[in-house]
Amino acid sequence: MAEAVSNPSVDLSPISPIERRNSLEKHLQTRPDPKDLKDRNILLDTNAAPSLQSKALELERQRATDSLKKGLGKRPEREELVERNILPDSNAAPAIQGQQKELQRHMRADSLEQKLQSRPKPEDLVKEGILEANEEATKE
């Protein structure tokens, strides 16, 4: 308590009634209107009596809870979502699933590139009788 008295930032001088009234008027002028308070969920937007407002709020919350439980009850299982290609078939953490998908795409591209490099040339296919000579000329 002695610290508060010695602290120079605390003003201990008495406030005159006129200053107090002016301060109150200033604060009342900047007071938000009831509609703004209702929009910010500070005041309840209801026509019910104050004694019934808490019961009405509790009833509304229970109705929302029941609606969520009903919706979650109809929610498809994870396996069904994977089968329908809505969820990825991955056990990786969600934070790295994007990187995992990118890695798989690059691996497929590398595999395809490797298979294209090892593909037989058209001349070899003609020699083996798989491709006819006139087919080779029309492809080029």
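Student: Is proline 32 buried or exposed, or in between?
Tutor: Proline 32 is partly exposed, at 32% relative accessible area. Keep in mind that this is a predicted model.

Student: Where does proline 32 lie?
Tutor: In the loop between helix H2 (17-29) and helix H3 (34-39).

Student: And what does proline 32 touch?
Tutor: Leaving out residues up to four places away in sequence, proline 32 touches Leu37 and Arg40.

Student: New topic. How many salt bridges are there in the whole structure?
Tutor: A search finds five. Among them, aspartate 39 pairs with lysine 35, with the closest N and O atoms 3.3 Å apart.

Student: How are aspartate 39 and lysine 35 placed in helix H3?
Tutor: They're four residues apart, so about one helical turn separates them. Aspartate 39 counts as exposed at 52% relative accessibility, and lysine 35 counts as exposed at 56%.

Student: Which residue does glutamate 102 form a salt bridge with?
Tutor: Arginine 105, and the closest N and O atoms are 2.6 Å apart. Glutamate 102 is partly exposed at 34%, and arginine 105 is partly exposed at 46%.

Student: Why say that H6 lies largely in the open?
Tutor: Because the number of buried residues among its 24 is zero.

Student: What span should helix H6 have?
Tutor: At 1.5 Å a residue, residues 94-117 should span 34 Å, and the end C-alpha atoms are 35 Å apart, which agrees.

Notes
Residues are numbered from 1 along each chain as its sequence is written. This is a predicted model: local features need pLDDT of at least 70, side-chain atom pairs count only at pLDDT 80 or more; totals for chains, interfaces and linings use all residues. Side-chain values use heavy atoms; hydrogens and water are left out. Helices (H or I, at least four residues) and strands (E, at least two) are DSSP runs, numbered from the N terminus. The expected span of a helix is 1.5 Å times one less than its number of residues. Buried means under 20% relative accessible area, exposed over 50%, partly exposed in between (1.4 Å probe, protein chains only). Contact means heavy atoms within 4.5 Å. A salt bridge is a side-chain nitrogen of Lys or Arg within 4 Å of a carboxyl oxygen of Asp or Glu.
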